[in-house]
Amino acid sequence: MTNPIGSNPIGWGLVGASTIASEWMIDAFRAQPDGAVVAVMSANAERGAAYAARHGIASAYDRLDALLADPAVNAVYISTTNELHRDQAIAAAKAGKHVLCEKPLALTLADARAMADACAAAGVRFATNHHLRNAATHRAMRQAIKDGLIGTPIAARVAHAVFLPPHLQGWRIDKPQAGGGVILDITVHDADTLRFVLDDEPVEVVAMSQRDGLGQEGLEDGAMTIARFRSGLIAQIHDAFTVRHGGTGFEVHGSAGSLIARDVMTQRPVGSVLLRTADGERELSLSPENLYVRAVRAFHDAIRGQGAPAADGDDGLRSLAFALAVREAAATGRRVPVTLD
Ligand code: NDP
């Protein structure tokens, strides 16, 4: 590692004065016994200063190189819009900072790979902020499958159709160049969660998308996907910005039982998982924890040489590959292989 920090606290620099940082991540960094938020960068100096003041952050910068030159910054959290992630991650890596980047990592696989390569070359840690694999519910489902409680998994169903709250109805619905649209926003999370829970890799997809009132400039606000995995399992996925009352869910159906999780495609540490077999039904026992706090703890440990991030650069690359395949399948009406090329 080019960024040895020994037992010193890990100083986070926020790249992007974003909603996700203010709603979840600043608290998650501060929840770590060895975590501090020391700086923020916004392209708008006035907004950045106001954001820093509101959140008690010591330094605000309006240029990335200034934030990266701050010796108090050991690691950066990139939560700008998606087209900016690549160059910011590469610059941070070159400056010797560890990088936790939001999803989708980038807009193309080549860009995502360039980010991972830059971090590897610089000897810094690189992670993707796929929060859902940190949920007690999804972790319990993965373990139940590994323990053979449902036999061989045959099919999965993901319900992640929600209503995009008004304060987030910006670039997600009208800026294709920023990586808007429900597929890059939500389907990427489903891809990661399916890979994690099933411990399986997707191989091909078919999909349809729609525009039903929110999406503009050609951006979809709803999508349904069917994916085939290496094992032969097929998964059905519904994502939307436009469904107000659907609730979320994640189901895995196996040869000997089913796992039926409700209210689990969410940022909050909530939800339940029902196991149904020939013996009857029971709820899996769960120990819920804030998903983002858990993810940052794993990243801190990884920086200190213990273990790996919850979701690394390869996970971010693979979830992006899935989302790009879904987007192509929806646009062309064809079955599209999920490839990393
Ligand atoms: P925001 O729109 O809140 O922030 C993105 C950028 O928009 C910021 O970097 C900021 O630019 C600019 N911005 C924010 N608020 C304002 C404002 N009021 N006026 C003008 N500009 C503003 O995006 P999100 O926080 O929703 O998402 C950021 C990233 O995080 C995306 O990559 C998204 O996919 C991801 N995300 C991940 C989640 C997860 O659970 N893993 C959940 C939500 C988002 P500047 O910094 O230059 O001021």
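Is Asp199 buried, partly exposed or exposed, and what is its relative accessible area? I looked this up first in what is a predicted model. Asp199 comes out as partly exposed, at a relative accessible area of 48%.

**Entry: Lys146 and Asp199**

I then looked for the partner of Asp199. Asp199 forms a salt bridge with Lys146, and the closest N and O atoms are 2.7 Å apart. Lys146 sits in helix α6 (residues 136–146), while Asp199 sits in the loop between α8 (182–198) and β8 (202–210), so the bridge ties together parts that are 53 residues apart in sequence.

**Entry: salt bridges overall**

I asked how many salt bridges the structure holds. The count is 20. As background, I note that side chains of opposite charge can pair when their charged atoms come close.

**Entry: Arg195 and Glu201**

I took Arg195 next. Arg195 forms a salt bridge with Glu201, with 2.8 Å between the closest N and O atoms. Are these two residues buried or exposed? Arg195 and Glu201 are both buried.

**Entry: Glu204 and Arg335**

I looked up which residue pairs with Glu204 in a salt bridge. The partner is Arg335, and the closest N and O atoms are 3.4 Å apart. This pair links distant parts of the chain: Glu204 lies in strand β8, Arg335 lies in the loop between α10 (313–332) and β15 (336–337), and the two are 131 residues apart. Arg335 has 55% relative accessibility and counts as exposed.

**Entry: cysteines**

I turned to disulfides and found zero in the structure. A disulfide would need the two sulfur atoms within 2.5 Å. I ran the search from Cys119 too, and the closest cysteine sulfur is the one in Cys101, again at 8.8 Å and too far for a bond.

I checked the exposure of both residues. Cys101 is buried, with a relative accessible area of 0%. Cys119 is buried too, with a relative accessible area of 1%.

Technical notes. Residues are numbered from 1 along each chain as its sequence is written. This is a predicted model: local features need pLDDT of at least 70, side-chain atom pairs count only at pLDDT 80 or more; totals for chains, interfaces and linings use all residues. Side-chain values use heavy atoms; hydrogens and water are left out. Buried means under 20% relative accessible area, exposed over 50%, partly exposed in between (1.4 Å probe, protein chains only). A salt bridge is a side-chain nitrogen of Lys or Arg within 4 Å of a carboxyl oxygen of Asp or Glu. Helices (H or I, at least four residues) and strands (E, at least two) are DSSP runs, numbered from the N terminus.
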